[in-house]
Amino acid sequence: MIGARSRSGDEARTREGPLRLCAVSRIAKPIEELIRFVAAPDGTIVPDLAQRLPGRGVWVDATAAAVAAAVRQNAFARSLKRQISAPADLPADVERLLARRLAGAVGMANKAGLLVAGYAKVEAQLRAGRVFLLIHAADAAATGTHRLDRIFKGLHGSADSGASIVRELTSAELSLAIGQPTVVHAAAAEGGASQGLLREARRLRRYRLGAAPERSPASAARAEKGRAGPVTGKGTGFGIAGVAGPLGDPIAGRCGCPGNRPDEDEDAGRDTDLDTGLDTGKA
C-alpha cells in the first residue's frame with residue numbers, strides 16, 4: 001500500500017508539472033511562467049529561453065518588469081552565490097530574443113503549409129472557417145484590422161478569440177519570417193506549428209505587458225500552491241529548441257554552452273528562481 005501511494009504521488013507530481021521559485025518575488029510558479037537564466041563562463045548572465053543550457057539556473061517571472069528588478073536587486077549573484085555581471089539592457093535583450101522566437105514560429109507555421117498572407121486570402125479563409133490564429137502587424141492600420149477581427153470574433157465568439165489574435169510583430173518582422181514583401185495580415189490553420197506560434201505570442205505579450213497569462217485551472221492551482229509549498233522536481237526543456245535552429249537562443253553561443261542540459265545539473269531556482277501603417281487591402 002505504501003508503494004502504491006508513493007507511485008500515485010509521483011504520478012500526480014508529473015501531471016502537475018514542476019514549479020520553480022522566482023528569484024525576485026519569491027513565489028513558486030509553473031516553469032512556463034518563468035524565464036531561466038544561466039551564467040556564462042565569463043560570469044555574464046544570459047537568458048536560457050529554451051531551458052536547455054547547462055549549469056545552475058536562476059528563474060525569474062517572465063515579465064520585463066521582473067527581469068529589470070532582478071538586475072536592479074542583484075538577484076542573479078545572490079541566487080548563484082558568486083560574482084555575476086547582469087547588463088542593464090538585459091530586459092530589452094530578452095524581449096528581442098522572444099520576438100525572434102515568435103518570428104521563427106511564424107516561419108515554421110508557414111513552412112508547414114498552415115499559413116496564408118494577404119488581406120483577401122485571410123478574409124477568404126476566415127469566411128471558410130479555416131482560421132485558428134489571426135495575425136496582424138503591430139503597425140497595421142486600424143481599418144482592415146478591425147474588419148477582420150469582427151469576422152473572426154463572429155465565427156469564434158468574442159470571449160475566446162482575443163487570445164488567438166496575434167499582434168506582436170511588425171510588418172517588417174512578419175515579412176521576413178514569411179518570406180513575402182510587406183506582410184500586413186496573415187492567418188494560420190490549426191496544427192502543431194500554429195499551437196507553437198500561439199504559445200510564443202502569448203509569452204512575448206505577457207513579457208511586454210506584465211499581464212497574467214491564460215491559465216488553465218490546474219496551472220492556476222499549482223501557482224497558488226507554490227506560494228507556501230516547497231519547490232520540487234527538476235526543470236525540463238519545452239517548446240522548440242536548438243541553439244542553431246530558428247527558435248533557438250542565439251545568445252547561447254555567447255555562453256559557450258552545448259544545446260542540452262546534463263541530467264546532473266542543479267537549478268539555483270531550488271534555492272532562490274506584431275501594413276506598414278498603410279492599409280492597402282493587400283499584403
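Me: Which residue stands opposite A188 in β9?
Reply: L115 stands opposite A188. This is a predicted model in which local features need pLDDT of at least 70 and side-chain atom pairs count only at pLDDT 80 or more, while totals for chains, interfaces and linings use all residues. Residues are numbered from 1 along each chain as its sequence is written, and side-chain values use heavy atoms, with hydrogens and water left out.

Me: In which sense do β6 and β9 pair?
Reply: Strand β6 (residues 115-117) pairs with β9 in the antiparallel sense, over three bridges. Strands are DSSP runs of E of at least two residues, helices are runs of H or I of at least four, and both are numbered from the N terminus. Two strands pair if DSSP finds at least two bridges between them.

Me: What is the strand order in the sheet?
Reply: The order is β6-β9-β7-β8, in an open sheet of four strands with mixed pairing. The edge strands, each pairing on one side only, are β6 and β8 (165-166).

Me: How many bridges join β7 to β9, and how many join β7 to β8?
Reply: Four bridges join β7 (residues 133-136) to β9, and these strands run antiparallel; L134 stands opposite A187 there. Two bridges join β7 to β8, which run parallel, with I135 opposite V166.

Me: Are the residues of β9 buried or exposed?
Reply: In strand β9 (residues 185-188), H185 and A187 on one side and A186 and A188 on the other are all buried, that is, under 20% relative accessible area with a 1.4 Å probe and protein chains only.

Me: Turning to the helices, at what angle do α4 and α9 pack?
Reply: Helix α4 and helix α9 (residues 192-209) pack at about 160 degrees, with their axes 9 Å apart. Axes are lines fitted to C-alpha atoms, for helices over the stretch in contact, and angles run from 0 to 180 degrees between N-to-C directions. The two helices are therefore roughly antiparallel (angles over 145 degrees).

Me: Which residues of α4 meet α9?
Reply: Among them are L90, V94, L98 and L102, and the α9 residues they face include L197, L204 and Y207.

Me: Which residues of α8 does α4 meet?
Reply: E173, L174, A177 and I178 in α8 meet A99, A103, V106, G107 and N110 in α4, where contact means heavy atoms within 4.5 Å.

Note on methods. Buried < 20%, exposed > 50% of the residue type's maximum accessible area, 1.4 Å probe, protein only. Parallel < 35°, antiparallel > 145°, perpendicular 65-115°, else oblique.
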